[in-house]
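Please look over the sequence and the model shown here before reading on.

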Amino acid sequence: MSNVIVGNKTALVSSLLEQLAYQWPLSPNQEIIRLETQSSPIDLIQALSSQTQSPKLYWGDRESPFKIAAFGAILDLKGLNNAHFESDLAKIKSFLPKNNPNFRFFGGRRFSSVDSAEKESTWQHFGFYRFILPEFEWREENGTTYFACYIKNDPQKSVSDYQSEIESL
């Protein structure tokens with residue numbers, strides 16, 4: 001995970017550790033937590049291109065100065081057909097906290113599950129749907145840059161285990 005943080009690493013890590021301490025102990029019902037801190041401005045495309053983890057995601061809003069660059073996958077839900085689509089959507093909804101609109105999955109599904117044989121062979125490797133919760137994310141919004149990471153809640157880990165993971169970013 002080297003070179004994950006671009007910019008002032010010491011300040012970002014310190015802020016993430018403060019957030020972790022604030023949220024500790026983690027609720028057993030909270031399977032994944034999001035830690036986020038303000039970052040110095042960076043070139044999101046350049047920062048994303050320097051990462052070695054996959055998948056890599058980028059999205060920019062055409063009508064507002066909102067951009068996201070994300071990489072890695074803490075959760076990756078996908079299916080070649082619609083057999084588990086509804087249950088995976090329910091799983092996604094169960095992860096989304098009501099009080100944090102920045103907790104986001106990225107992805108989508110095919111518009112039609114009934115394709116011609118030609119389209120099926122062309123697009124088959126994309127599957128029917130895929131939704132990713134990235135491990136790391138940069139977001140630009142209203143002229144401010146943020147860095148976030150998602151962490152799986154493991155009851156076997158102590159706060160110092162999580163602190164070590166964050167310090168190694």
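Which element gives the most to the lining of the second largest pocket? Strand S1 does, with 3 residues, and the sections below set that contribution in its surroundings.

## Basis of the model

This is a predicted model, in which local features need pLDDT of at least 70 and side-chain atom pairs count only at pLDDT 80 or more, whereas totals for chains, interfaces and linings use all residues. Residues are numbered from 1 along each chain as its sequence is written, and side-chain values use heavy atoms, with hydrogens and water left out.

## Overall layout

The protein has 5 helices and 8 strands, where helices (H or I, at least four residues) and strands (E, at least two) are DSSP runs numbered from the N terminus. Read from the N terminus, the order of the elements is α-β-α-β-β-β-α-β-α-β-β-β-α.

Of the 169 residues, 38% are buried; buried here means under 20% relative accessible area, exposed means over 50%, and partly exposed lies in between, with a 1.4 Å probe and protein chains only. Among contacts (heavy atoms within 4.5 Å) between residues at least 6 apart in sequence, 68% join residues at least 24 apart.

## The two pockets

A pocket is found on a 1 Å grid over the protein atoms alone, as an open set of points where a 1.4 Å probe fits, with protein on both sides within 12 Å along at least five of seven lines, and its lining residues have an atom within 4 Å of a point. Grid points are joined across faces, edges and corners, and the volume is the space filled by probe spheres set on the points. By this account the largest pocket holds about 390 Å³ of space. It is lined by 18 residues, of which Gly 108, Phe 126, Gly 127, Tyr 129 and Arg 130 are the closest to its centre. Strands S4, S5 and S6 each supply at least two lining residues, and the largest share, 4 residues, comes from S5. The lining divides into 9 nonpolar, 5 polar and 4 charged residues, with Ala, Val, Leu, Ile, Met, Phe, Trp, Tyr, Cys and Pro counted as nonpolar, Asp, Glu, Lys and Arg as charged, and the others, Gly among them, as polar.

The second largest pocket contains about 300 Å³ of space, and Gln 30, Ile 32, Phe 95, Pro 97 and Phe 103 lie nearest its centre among the 15 residues that line it. Strand S1 and helix H3 each supply at least two residues of this lining, which divides into 6 nonpolar, 7 polar and 2 charged residues.

## Helix H3

Helix H3 spans residues 85-95, and its buried residues are Phe 85, Asp 88, Ile 92 and Phe 95. Seen down the helix axis, these buried residues fall within an arc of 80°, so they line one face of H3; the arc is that of the directions from the helix axis to the C-beta atoms. An α-helix has 3.6 residues a turn, so residues three or four places apart point the same way.

The face of H3 turned away from this buried side carries the exposed residues Glu 86, Lys 93 and Ser 94. The cover over the buried residues includes S1, S4 (75-79), S5 (106-109) and S6 (129-133).

## Arg 34 in strand S1

Arg 34 is found in strand S1, residues 32-39, and counts as buried because its relative accessibility is 7%. Its side chain makes polar contacts (pairs of N or O atoms within 3.5 Å, one able to donate a hydrogen and the other to accept it, with residues adjacent in sequence counting only if both atoms are side-chain atoms) with the side chain of Glu 36 at 2.3 Å and with that of Tyr 150 at 2.5 Å. Leaving aside residues up to four places away in sequence, Arg 34 touches residues including Gln 19, Asn 100, Phe 103, Glu 137 and Cys 149.

## Loop positions

Two cis peptide bonds can be located in loops. One joins Trp 24 and Pro 25, with omega about 0°, and Pro 25 is in the loop between helix H1 (9-23) and S1. Another joins Ser 54 and Pro 55, with omega about -5°, and Pro 55 is in the loop between helix H2 (44-49) and strand S2 (56-60).

Asn 142, in the loop between strand S7 (136-141) and strand S8 (144-152), has a positive phi near 50° although it is a residue other than glycine, and it is exposed at 66% relative accessible area. Ser 158 sits in the loop between S8 and helix H5 (159-167) and is partly exposed at 30% relative accessibility. The C-alpha atoms of Ser 158 and Pro 25 are separated by 9.1 Å, with the two residues 133 apart along the chain.
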